[in-house]
Amino acid sequence: MMTITSHTPTPIAPVVPSTGALRPLGLDAVSITGGFWAERQDVNRRATLAHIAHWLEREGWIRNFDLAASGTLPAGRRGREFSDSEVYKYLEAVAWELGRAHDDDLERSFRATVSRVAAAQEADGYLNTRFGREGQSARWSDLEWGHELYCLGHLFQAAVARARTAPGSDDGLLEVAVRAADLVCEVFGEDGIASVCGHPEIETGLVELARVTGSRRYVEQAKLFVDRRGTGVLRPIEFGQAYFQDDQPVREATVLRGHAVRANYLSAGAADAAAETGDEELLGALATQWDNTVARRTYITGGQGAHHQDEAFGADFELPSDRAYSETCAGVASVQFSWRLLLARGGAHYADLIERTLYNVVATSPSSDGTAFYYANTLQQRTPGEPADPDTPSARAESSLRAPWFDVSCCPPNVARTFASLASYLATTDGAGVQLHQYAPATVRTPLDGGAFADFAVATEYPADGAIVVTIGEGSSGEWTLALRVPAWAEGSTAELRTARGAEPLQVAPGYLEVRREFRAGDTVTLHLPLAPRLTHPDPRIDAIRGTVAVERGPEVLALESVDLGSDVADAEILTDEPLREEDGRVTAAISLRRRHDAGWPYGAAAPDDAAPETLRVPLVAYHEWAERGPSTMRIWVPEAR
């Protein structure tokens with residue numbers, strides 16, 4: 001692995017390793033200026049953040065801190081044991097938004113919320129509204145389910161976001177985080193409680209806090225938590241020790257297992273600790289786990305988690321569509337894990353999964369207006385379901401229509417913080433050049449090694465159109481390398497370099513297209529990714545979808561909805577010998593529609609068809625847009641007509 005150590009200013013980004021193959025370019029270097037992701041960032045800023053703040057107040061989750069400060073807890077406390085964390089994720093999202101563009105109202109909301117949180121912190125640094133007071137369970141007494149350390153991890157990430165977007169701010173959030181982190185190190189250090197949190201998360205928070213403060217102590221504590229995991233330090237539960245990855249040491253595991261969010265958060269934190277301690281063995285084990293999980297335990301959407309009961313990964317190739325859990329938070333955590341491996345090792349396959357997950361899980365969760373969400377992201381909806389009550393929190397796994405809030409509402413603020421910081425996932429540098437991993441209209445400006453400077457703008461309508469045009473700006477200087485990711489699905493891509501001397505075709509293959517030269521203002525590199533819709537067949541070992549196909553177009557997975565079919569999608573089969581077409585901006589497929597009738601017994605010898613099938617051409621919808629037109633049945637994997 002090539003390792004770089006940069007002496008440039010710290011990027012304004014959620015993850016800033018001190019070493020690695022690549023270094024992130026943050027909000028100070030990259031700005032999304034339009035298109036698919038800019039629209040979602042705009043909705044996030046205008047609607048989602050206010051929506052989250054409203055529900056945090058309405059449900060009393062912020063007020064819990066007021067009660068703690070006034071000494072009146074536990075009376076009046078509301079929300080689950082981890083509700084503090086949603087306040088911290090909201091703060092993180094607002095901090096990143098303020099880093100994109102200042103807003104007086106957001107700044108006031110941020111400071112007011114921080115003030116209420118800080119007032120609840122105890123003298124020794126302890127901060128939690130659910131434990132530690134008379135009438136409450138003792139501190140650290142329920143590490144399996146209590147989420148105390150998990151909540152603090154999100155506090156630390158919020159403080160990091162604020163420290164990077166508003167260094168020297170006088171709101172006090174960083175000081176609150178440091179006092180809490182110092183307490184964690186005292187209580188859980190080498191001579192302290194030899195255990196871990198049932199829900200990993202503090203590991204990433206500690207390492208990033210170390211990167212902000214320079215305190216090596218926090219890295220060592222994170223590494224200690226990673227090394228303890230898998231040694232049976234947590235009490236057994238009905239789901240087994242694998243539920244919280246306490247069944248096997250991290251460096252000995254070969255695949256992610258157990259609760260999907262926990263598994264990915266742990267892996268992200270372990271990757272952070274490995275990067276800061278030079279632990280190549282641990283990093284290699286994590287890369288193996290990523291490879292095997294993607295190959296055997298990941299949905300076509302990038303979603304992860306096949307079980308509703310324990311929100312967990314299933315066995316290899318256990319990927320049922322209609323029972324897919326695919327929690328939104330697992331998608332967010334998967335992006336975080338993949339991003340850390342990309343920074344540590346490089347490799348287009350990590351960026352490919354990030355893209356797939358962003359478009360087909362993270363972007364699917366929120367409604368178009370940003371005020372309703374999916375917690376779980378099923379790949380097949382058998383019943384149309386009912387609209388969620390806009391005034392009542394919903395059960396977490398309801399998937400028929402998006403809901404405004406949940407009793408367990410981890411997903412809305414997780415989506416919000418991801419969208420707010422999304423520009424930091426677009427590009428990286430290795431000192432010799434810039435790597436563009438995700439495509440959106442954007443500007444990129446960054447110094448490079450040897451005095452060179454990269455300055456360019458990206459123009460594209462991706463994913464609606466496959467043309468990505470990079471135009472070099474006036475500030476570019478010196479010789480450097482521009483690398484553009486070519487997704488694994490993009491066979492047949494073409495590219496050209498155009499300078500004052502004319503156009504020159506470039507050789508393209510999946511991976512990265514690299515162009516090294518002394519660029520001049522006005523030079524362009526154009527990459528054309530083929531976006532013709534394609535049929536995708538599943539691995540035959542996935543029993544639940546054998547004999548079906550899916551339709552993809554570029555990075556987007558498409559779905560068949562009953563509102564377009566005029567019938568239940570259970571009646572549909574796809575004619576794979578008929579071509580897919582694009583008509584009026586929508587992909588259409590030839591569908592054989594056969595309405596069947598119940599028999600007295602659904603098993604036996606092959607029965608004659610009820611009636612001749614009807615054949616029609618039906619438009620498909622991007623999965624992230626499904627259920628925007630009311631209740632419907634839906635499926636991604638459609639049986640092949642025989």
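Strand β13 (residues 524–528) has four of its five residues buried, so it is largely enclosed by the rest of the structure. Buried here means under 20% relative accessible area, with exposed over 50% and partly exposed in between (1.4 Å probe, protein chains only). Strands (E, at least two residues) and helices (H or I, at least four) are DSSP runs, numbered from the N terminus.

A word on the model: it is predicted, so local features need pLDDT of at least 70 and side-chain atom pairs count only at pLDDT 80 or more, while totals for chains, interfaces and linings use all residues. Residues are numbered from 1 along each chain as its sequence is written, and side-chain values use heavy atoms, leaving out hydrogens and water.

Let's look at the pairings, where two strands pair if DSSP finds at least two bridges between them.

| Strand | Partner | Bridges | Sense |
|---|---|---|---|
| β8 (residues 467–472) | β13 | five bridges | antiparallel |
| β10 (residues 494–499) | β13 | five bridges | antiparallel |
| β9 (residues 479–486) | β12 | eight bridges | antiparallel |

Within β13, His528 is the bridge partner of Ala467, and Thr526 stands opposite Glu496.

Now to β9 and β12, which belong to an open sheet of five strands with mixed pairing, in the order β1-β4-β5-β9-β12. Because β1 (23–24) and β12 (511–518) stand at the edges with a single partner strand each, one side of each is left without a neighbour in the sheet. Helix α12 (residues 348–362) packs on this sheet and touches both β9 and β12, contact meaning heavy atoms within 4.5 Å. The direction of α12 makes about 55° with that of β9; axes are lines fitted to C-alpha atoms, for helices over the stretch in contact, and angles run from 0 to 180 degrees between N-to-C directions.
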